[in-house]
Amino acid sequence: MLRSIGASSFDDLLANIPESLRLCGDIDVPGPLSEPELMVHMERLAGLNKVPGEVTSFLGGGIYDHAVPAAVHHITGLPHFYTAYTPYQAEVSQGTLQVIYEFQSLIAELTGMEVANASLYDGATAVAEAALMALGIQRKRRKICVSESVNPAARAVLRTYIAAWGIELVEIPLNGGTTDVAAATDACADAAAVIVQQPNFFGLLEPADALSAAAEEAGALLVASVDPISLGLVRPPAEYGAAIAIGEGQSLGSPVAYGGPLLGFMATTSKHARRMPGRIIGTTVDTEGRRGYVMTLQTREQHIRREKATSNICTNQGLVALAATAYLSILGGTGLRELASHVLAKSHYAAAELSKVPGVKLRFDGPFFREFVIELPVEGSVVKEALTDIGIWPGIKCGCYYRDMDNCLLVSVTEKHSRRDIDSLVSGLAAVLATGEA
Amino acid sequence: MTGPDRTRDTVVEPTIFELGRPGRRGFRLPELDVPALDPAEALGAANVRRAGPDIPDLSEPEAVRHFTRLAELNHHVDRGFYPLGSCTMKYNPKINEDAAALPGFTRLHPEAEERCCQGALSLMYHLSRHLCEISGMDAVTLEPPAGASGELTGMLMIRAYHAARGNPRSKVIVPDSAHGTNPASLTLAGYEAVEIVSDDEGRIDVDELRRVADDETAAIMITNPNTLGVFETHIAEIIEIVHGVGGLVYMDGANLNALLGIVRPGDIGFDVMHFNLHKTFSAPHGGGGPGSGPVGVTAELAPYLPYPVISMDDARPEGRKFHFDYERPESIGKVHGIYGNFLVAVKAYAYILSLGPSGLRRVAENALINANYLQTALRDHYDLPHGDYCQHEFVLSASKQKRHGVRALDIAKRLLDFGVHAPTIYFPLIVKEALMIEPTETESRESLDHFIEVMKAIALESESDPGIVQGAPTATPVSRLDEARAAKDLDVAWKRRNA
């Protein structure tokens with residue numbers, strides 16, 4: 001091939017790279033490994049991680065271990081989907097395009113909003129993108145309010161994204177585990193948006209109507225970060241006046257995967273459709289009048305608008321959005337409602353049983369979905385360490401994220417937990433506390 | 001009964017909303033073994049959804065067939081050639097998928113105690129070290145979930161670096177050949193874009209750079225090789241000019257495939273760069289994500305990396321060696337909710353280990369040979385505005401064909417009829433009627449020869465029968481789609497029309 005190029009050696013092709021810039025010698029990385037050698041190594045690494053099966057885990061905090069129908073990963077495993085790229089050539093990408101259109105439709109249906117985008121990286125960056133979108137809509141306002149009950153990692157990402165713009169960020173304090181409405185009313189004057197999470201980080205349902213009224217009074221947009229599984233039972237954000245609904249969609253058919261890839265979603269009203277970041281797929285027709293799908297409203301995007309784009313996002317989470325679409329199709333509306341009611345029943349059973357353990361009580365009183373906070377007579381880290389030794393992961397240490405909550409654990413229960421799993425957590429905790437191991 | 005004509009009577013696949021019947025089940029939940037609750041009682045009536053969600057009920061075979069039929073409408077790398085310039089659509093070895101599907105990775109929760117996730121931490125730590133070694137940078141974060149996110153991360157670190165020295169500065173220089181994400185990312189980081197024109201060879205104009213660089217220049221963002229597939233020959237001088245005014249030099253690593261084992265950006269003076277694991281390191285593109293955009297920096301910038309940083313401490317007992325470091329007071333913060341796209345990192349790690357040092361260099365060598373082979377074969381049939389040896393990709397112009405009324409868009413669409421994916425078109429912006437072709441190293445000579453034959457045939461058609469090219473595609477599931485109508489009559493979510 002070099003001969004047909006007219007080169008006498010490979011080095012001829014490097015003529016434009018000054019020799020002084022070229023690497024002398026090899027890069028020092030391991031390998032090459034054959035397939036069997038590689039798999040031995042990878043299996044060894046994977047084996048150093050503890051996962052459900054070896055342990056009973058009640059970890060959540062935004063990333064949830066729900067059951068995934070087998071068909072979902074067989075669908076995402078079709079090379080037609082996973083070895084394609086962004087559907088730049090619509091005529092040979094109708095599969096990807098229609099899937100994303102269906103995804104957008106499902107997100108719109110779940111949230112009650114009118115339009116949705118093709119996905120964002122994760123629920124945390126979705127919070128940040130929603131804030132930027134609100135600032136773009138409310139150009140005169142330079143303040144964002146966010147409730148302290150919004151996922152701490154999402155608030156951290158939000159801080160990173162808006163720091164460079166000199167935007168004022170106000171965190172609204174809590175009262176009894178949910179957003180303090182009076183404080184919210186004070187805070188959101190002049191704010192471009194008020195960001196809340198429903199159910200919030202502690203699993204509690206927020207006073208949505210009161211927060212919405214406070215936002216409306218101040219002329220701020222209400223941004224609601226919602227949990228898609230809960231929407232099988234819980235009132236959708238459109239009904240309490242959210243201008244932008246966002247959330248983390250990993251629980252829709254994707255594994256926990258050490259926190260990535262995840263799936264951010266975003267939905268809004270028709271009025272703000274042209275302000276949304278990210279890809280948007282729309283229907284159209286071909287030259288013969290057949291229904292087809294294309295990327296639309298591209299003049300918002302970085303490849304056209306460059307520095308004036310609504311966001312710098314290019315790639316989205318296409319394959320994870322496919323998993324969510326396949327998951328919701330296989331569950332169906334009936335299945336999703338049933339799933340949400342199972343999660344509700346099991347998490348409430350767990351909360352009731354745990355609060356019977358001497359010294360243990362629920363930290364908050366309000367209604368909750370899937371997650372709840374227990375307060376212990378000792379530090380959460382001590383209990384967690386002791387329970388980890390007997391193969392039970394009781395929950396997330398709230399002290400890592402909140403002041404005055406060192407004795408608290410955030411417990412997450414899904415439909416995968418059997419009554420026996422829950423009972424083993426209860427008896428394990430009772431034993432650990434009784435023997436004073438903790 | 002005659003069957004439908006495959007090419008022209010494709011049956012439009014219904015949306016899932018038009019499939020299924022109420023009450024059909026694709027999945028059965030585990031038995032409810034605790035007392036059922038009344039949602040209104042448990043949550044409060046005001047918090048309960050009154051109706052819907054209106055999602056159809058499908059059986060498993062209905063759902064699987066729907067998505068399989070949709071899948072068949074896609075072009076993809078496993079089916080054939082995908083020379084989409086700048087996107088590095090190389091073949092993705094299957095073993096990487098198997099590695100990333102191991103339950104020890106997929107079922108691992110990010111809140112697991114450190115001693116329970118040593119395998120994942122070890123993998124992330126070592127992948128970071130390998131990326132440092134490949135790039136010549138001193139430290140790498142895996143947190144950015146995509147290339148554009150990496151750009152933002154890098155720009156925010158540059159901002160933090162300057163701010164720590166008293167002035168964040170206000171401007172970032174970008175060549176006019178840059179990816180659109182570059183100006184969008186630097187704007188998001190609070191900077192103003194200063195665009196500089198390229199010289200006649202498509203390279204950064206050094207005199208122009210010298211003119212615009214000043215003490216308000218925070219950085220320059222450079223794609224090298226650039227989007228024309230050309231190595232910035234004067235890169236050492238460019239870096240010297242920017243460093244001379246106290247600015248930093250950022251490398252968009254989209255085209256790192258061309259440099260593996262040949263040039264290390266850190267060695268030649270770049271301060272910050274991002275990697276696209278889904279391009280260079282072969283993680284599949286997933287129909288548009290998930291990607292992964294790690295960022296590498298010099299030691300001077302390491303304090304600003306997103307938190308947490310993974311450290312290895314040999315003094316710790318076995319099983320606790322790897323740990324997260326959250327005590328990063330100068331960190332720019334977090335750019336992803338967790339640690340980035342971990343499973344994509346697993347695939348990149350497996351890819352690097354499969355290839356080893358010599359294999360990685362061979363990637364770059366074969367990418368260059370393949371690109372130059374195509375460029376040489378096609379330059380007599382299409383305009384080649386920049387005629388040097390290219391690196392891993394090159395840009396043709398359809399200006400010759402335009403004289404017959406055939407545009408780059410038409411050529412792209414005609415390629416689809418031949419079962420080949422189109423190149424990137426109308427980018428970079430500095431080439432009129434651009435066709436940006438990146439074959440990658442994984443194509444065989446036969447596959448390249450087929451592409452050459454098809455491109456020659458289209459060049460001939462453009463002269464002899466331009467209507468065929470202008471009317472393409474005809475062999476695809478749908479013909480050309482009306483994009484203007486999609487934006488005008490916006491329909492981005494299905495509504496039950498007969499409700």
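Trainee: How far apart do the C-alpha centres of domain 1 and domain 2 of chain A lie?
Mentor: Keep in mind that this is a predicted model. The domain assignment gives domain 1 of chain A as 56-67 + 333-435, and domain 2 as 70-326. The C-alpha centres of these two domains are separated by 28 Å.

Trainee: Which element gives the most to the side of domain 1 of chain A that touches domain 2 of chain A?
Mentor: The contact takes 25 residues from domain 1 of chain A and 21 residues from domain 2 of chain A. On the domain 1 side, α11 (318-354) and β14 (371-375) of chain A each supply at least two residues. With seven residues, the top contributor is α11(A).

Trainee: Which strands stand at the edges of the open sheet of four strands in chain A?
Mentor: The order in this sheet is β13-β14-β17-β16 (chain A), and the pairing is antiparallel. An edge strand has a single partner, so one side of it is left without a neighbour in the sheet.

Trainee: At about what angle does α12 of chain A run to β17(A)?
Mentor: Let's take the helices that lie across these strands one by one. α11(A) lies across β13, β14 and β17 of chain A, at about 5° to β14(A). Helix α12 (residues 380-389) of chain A lies across β16 and β17 of chain A, and its angle to β17(A) is about 50°.

Trainee: Over to chain B: what radius of gyration does chain B have, next to that of a compact globule?
Mentor: Chain B has 15 helices and 12 strands, and its C-alpha trace spans about 75 × 70 × 45 Å along the principal axes. Because chain B has 499 residues, the compact globule to hold it against would have a radius near 23 Å. The value for chain B agrees with that, at 26 Å.

Trainee: Which helix of chain B gives the most to the side that touches chain A?
Mentor: In this contact, 168 residues of chain B meet 165 residues of chain A. By class, the chain B side has 91 nonpolar, 48 polar and 29 charged residues. The helix that gives the most, with 19 residues, is α10 (residues 342-378) of chain B.

Definitions and conventions. Residues are numbered from 1 along each chain as its sequence is written. Chains are lettered from A and ligands numbered from 1 in the order in which they are written. This is a predicted model: local features need pLDDT of at least 70, side-chain atom pairs count only at pLDDT 80 or more; totals for chains, interfaces and linings use all residues. Two residues are in contact if their C-beta atoms, placed from the backbone, lie within 7 Å. Ala, Val, Leu, Ile, Met, Phe, Trp, Tyr, Cys and Pro count as nonpolar, Asp, Glu, Lys and Arg as charged, and the others, Gly among them, as polar. Domain bounds come from an automatic or database domain assignment. Two strands pair if DSSP finds at least two bridges between them. Axes are lines fitted to C-alpha atoms, for helices over the stretch in contact, and angles run from 0 to 180 degrees between N-to-C directions. The radius of gyration is taken over C-alpha atoms; the globule rule is 2.2 Å times the number of residues to the power 0.38.
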